[in-house]
Amino acid sequence: MPLKLIREDITKLHCDAIVNAANSSLLGGGGVDGAIHRAAGTGLLAECRTLGGCRTGEAKITKGYRLPCKFVIHTVGPVWRGGAHGEEALLRSCYRNSLALAKQYGCESVAFPLISSGVYGYPKDKALQIAVDEITAFLLGEEMLVYIVIYDKSAFQIGEKLFDDIAAFIDDRYVEEHFDFRYRSEVFADSIALDTDESAPLAGDTFAAKAPLFETQMPACASMPAPAAAPMPAGQQKKNATLDDALKHIDESFSEMLLRKIDEKGMTDAECYKKANIDRKLFSKIRSDRLYKPSKTTAIAFAIALELPLEETKDMLMKAGFALSHSNKFDIIIEYFITNGNYNVFEINEALFAFDQNLLGV
Ligand code: AR6
């Protein structure tokens, strides 16, 4: 089952367990710990007193009391002391131990705050990376719905370089779409925090130089006998091949195309839906219903899991009745990642989250 990034107060979540970023006394404190104790009431503190504290990197579980969740998993993150004091290993073990406890108690859904990233000072981008790494590694072998809860937007940072690249890519595509430069200011009004320097060269140009070429090259025909008629230009041959291919699959539904592509890529179903951040039940529905109509985010999530190039992604979306356009940020961000050959659905979701867009998967 999938990983979801959400912006919420963790104490409001109706899931089986929420994780508390506690201190080793387990007797409450500030930050998320304070919020959880306040919302749970004194019963939680009374149970915590019986636990004998908790060492850094370890986790203990209690009931949820007045919280909407069944359990609270208390874990103690490391205090950031520059990174050379075993902080990373300790933070990883917070996630591992908490997830192991959630599994042991039969939880189907669990929500994490960004442990150590507040009072304990762990750099937020690193803390997020570790959370995503550990949770996705766990989900490869388990069925659980795991949330990473981002409380305030400023607590969330994707790399500055990535943010700037995507912002520039959006800028470039919007400009392309709206063409007339008089519209640029309106376009910017709709962009989120795109503090682009108008006098700087458009970063889209830089991007074009970096972007990998996706179209497959036709085999060279130098050694073939000279044809009687003038040879078809390579571009035309390529178009015909694509057209032939498209015509062959013209009646295929979204579900059929998905299953065919999974076979062609030599993937198992589970590899595909996990990579797409889609849960097993939804995948089964799509598999068993030839005419299933997925949401746009689901359709794209599968195209990403299958690592389809842009044109095939568009074909697949079309089967579900959607298109990618340049007049919407979500679509442009997807295009950015595909043309950069980055098919990591979790990294894409981090970027979509940073730009306030819907996330891929369920
Ligand atoms: N829901 C979700 N996330 C929250 C909430 C909330 N209600 N409140 C804060 N956060 P912190 P730490 C986020 O400081 O760094 C306590 O005093 C917050 O934005 O709660 O592990 C304990 O007793 C941040 O991103 O935990 C310990 O002494 C994240 O939760 C110490 O702080 C973690 O911030 C633990 O420090």
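**The ligand and its surroundings**

Helix H1 is the largest contributor to the shell around the ligand, giving four residues. This helix covers residues 31-40, and strand S2, residues 17-22, likewise supplies at least two residues of the shell. The model under discussion is a predicted one. In total, 23 residues surround the ligand, and the closest of them are Gly-30, Val-32, Asp-33, Ser-117 and Val-119. Sorted by class, the shell comprises 12 nonpolar, seven polar and four charged residues.

At Gly-30, a backbone N or O atom lies 2.7 Å from a ligand oxygen. Val-119 contributes a polar backbone atom, which is 2.8 Å from a ligand oxygen. As for surface, the ligand taken alone exposes 700 Å², of which the protein buries 91%. The space that the ligand takes is the second largest pocket.

**Aromatic pairs**

Across the whole structure, a search finds nine aromatic pairs. One of them joins Phe-163 and Phe-355, whose rings are stacked, with 4.4 Å from centre to centre and 10° between the planes. Which parts of the chain does this pair link? Phe-163 belongs to helix H5, residues 160-178, whereas Phe-355 lies in the segment after helix H15, residues 345-354. The two residues are 192 residues apart, and the pair thus links distant parts of the chain.

Key:
Residues are numbered from 1 along each chain as its sequence is written. This is a predicted model: local features need pLDDT of at least 70, side-chain atom pairs count only at pLDDT 80 or more; totals for chains, interfaces and linings use all residues. Side-chain values use heavy atoms; hydrogens and water are left out. A residue is near a molecule or strand if one of its heavy atoms lies within 4 Å of it. A polar contact is a pair of N or O atoms within 3.5 Å; within protein, one must be able to donate a hydrogen and the other to accept it, and residues adjacent in sequence count only if both atoms are side-chain atoms. Accessible areas come from the Shrake-Rupley method with a 1.4 Å probe; for residues, only the protein chains shown count as cover. On a 1 Å grid over the protein atoms alone, a cavity is a set of points where a 1.4 Å probe fits but cannot get out, and a pocket is an open set with protein on both sides within 12 Å along at least five of seven lines; lining residues have an atom within 4 Å of a point. A molecule sits in a cavity or pocket if more than half of its atoms lie within 2 Å of its grid points. Ala, Val, Leu, Ile, Met, Phe, Trp, Tyr, Cys and Pro count as nonpolar, Asp, Glu, Lys and Arg as charged, and the others, Gly among them, as polar. Rings of Phe, Tyr and Trp (its six-membered ring) pair if their centres lie within 6.5 Å; planes under 30 degrees apart count as stacked, over 60 as edge-to-face and the rest as tilted.
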